[in-house]
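Q: How do I read aromatic pairs in a protein model? Please take me through it.

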Amino acid sequence: MDIDPDDVFRDDEDPENELFQERDSTKEMLVYLVDASPKMFSTTCPSEDQKDVTHFQVAVSCIAQSLRTQIINRSYDEVAICFFNTRERKNLQDSNNVYVFNVPEREELDRPTARLIKEFDSIEESFSKEIGSKYGILPGFRDNSLYNALWVAQALLRKGSAKTAEKRILLFTNEDDPFGNIKGMTKMDMTRTTLQRAKDAQDLGISIELLPLTRPDDEFNVSLFYADLLGLEGTNLTQFKALVGERFEDMKDQLRKRMFRKRKIRRLKFIITDAISIEVNTYALVRPTNPGTITWLDSVTNLPLKTDRSFICADTGALVQGTPKLFQTYKNESIMFSTDELSEIKRVSTGPLRLLGFKPLSCLKDYHNLKPSTFVFPSDEEVVGSTCIFIALHRSMLRLKRCPLSF
């Protein structure tokens with residue numbers, strides 16, 4: 001099989017390209033955690049068409065829209081939908097006041113399906129009958145629905161490693177003080193255990209994000225509880241408070257931004273000198289969005305089909321056994337290549353990024369850019385101090401008008 005020279009180093013369609021194709025190593029596992037307390041159904045706010053809708057309807061509408069977008073653009077990500085403060089319970093831990101919504105023939109944390117989206121769209125009609133709303137944190141009782149919900153969400157995200165997938169919990173609620181009705185030592189104990197549960201999840205690489213639901217005349221006071229749960233303090237807390245109203249007014253856009261957050265393509269060790277090395281992450285800022293993988297279905301049973309590909313010899317018509325070899329003609333001679341050898345040719349370097357030296361900025365020309373550039377950003381996750389060193393290096397290059405050469 002002849003090799004197309006233009007295809008050897010092509011990045012966009014290359015399924016084995018490690019730098020720009022978002023593979024399973026960057027897939028996302030996401031749990032939607034929705035408060036289903038009576039307050040979510042009794043509090044109303046104006047919608048886009050000026051009709052009053054409940055906060056529960058706002059949350060369901062936002063999630064349904066994000067699922068539709070996700071099944072088209074990022075069909076290999078996995079999601080789960082979990083309600084807390086419910087009358088019924090349905091979860092592997094058998095925890096009170098927590099209900100994991102799912103459809104048949106699908107795991108609780110799995111890729112979104114058309115049936116999941118269809119049934120979730122109509123969940124408001126059957127919610128009160130099949131799931132029900134109930135306060136899970138009441139005076140005189142030790143039940144803690146928020147603690148249970150975080151525990152169930154953490155268990156849903158147990159599969160896979162934080163190094164091979166991004167794990168997140170998106171929390172929808174309009175209750176800024178979930179333990180406001182509890183007094184004394186009971187409140188302190190429930191607050192402490194809930195914060196510890198959240199910290200345990202974060203220590204396992206699970207990020208927790210809050211989407212507060214508010215009314216124009218009723219501000220969501222994140223300082224009462226959720227600032228401690230999210231680890232917000234100082235400038236971060238001030239910025240979060242300023243965005244609370246905006247988050248609700250444009251909730252769908254906010255959720256869309258969170259769904260399409262920048263994902264690092266690769267983590268690299270950047271060797272500056274023999275004695276100094278830092279950690280950097282690489283990001284592809286602009287890349288084409290490809291539709292999800294096509295699944296062929298049987299025309300009678302509508303079940304997925306397994307596809308096989310076979311090669312037939314053009315001369316004899318016989319079925320080619322084994323993996324066909326590729327060749328490139330050079331000086332009237334066919335140079336044979338195996339699939340592994342082609343993969344090795346494309347992989348210029350698998351090791352760390354090493355700084356070789358510097359050149360004047362005037363030496364950097366537009367035509368030197370052969371393919372979409374990669375954005376490099378420092379990270380302190382593994383090597384503390386990487387950001388400070390990277391900033392110092394960057395400022396020095398700007399001051400001296402130099403560009404780095406690395407390999």
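Predicted model: local features only at pLDDT ≥ 70, side-chain atom pairs only at ≥ 80, totals over all residues.

A: Residues are numbered from 1 along each chain as its sequence is written, and side-chain values use heavy atoms, with hydrogens and water left out.

Q: What describes a pair of aromatic rings?
A: The distance of the centres and the angle of the planes. Rings of Phe, Tyr and Trp (its six-membered ring) pair if their centres lie within 6.5 Å; planes under 30 degrees apart are stacked, over 60 edge-to-face, the rest tilted. The structure holds 10 aromatic pairs. One of them joins Phe41 and Phe127: 5.5 Å centre to centre, 35° between the planes, tilted.

Q: Why does the pair of Phe41 and Phe127 tie together separate parts?
A: Phe41 sits in helix α2 (residues 38–42) and Phe127 in helix α5 (residues 123–130), so the linked parts are 86 residues apart in sequence. Helices (H or I, at least four residues) and strands (E, at least two) are DSSP runs, numbered from the N terminus.

Q: Is Phe127 buried or exposed?
A: Buried, at 2% relative accessible area. Phe41 is partly exposed, at 29%. Buried means under 20%, exposed over 50%, partly exposed in between (1.4 Å probe, protein chains only).

Q: How are the rings of Phe56 and Phe83 arranged?
A: Their centres are 5.8 Å apart and their planes at 35°, so this pair is tilted. Phe56 lies in helix α3 (residues 55–73) and Phe83 in strand β4 (residues 78–84), 27 residues apart. Phe56 is buried at 1%, and Phe83 is buried at 0%.

Q: Which residues do ring pairs link into a cluster?
A: Phe41, Phe56, Phe83 and Phe127.
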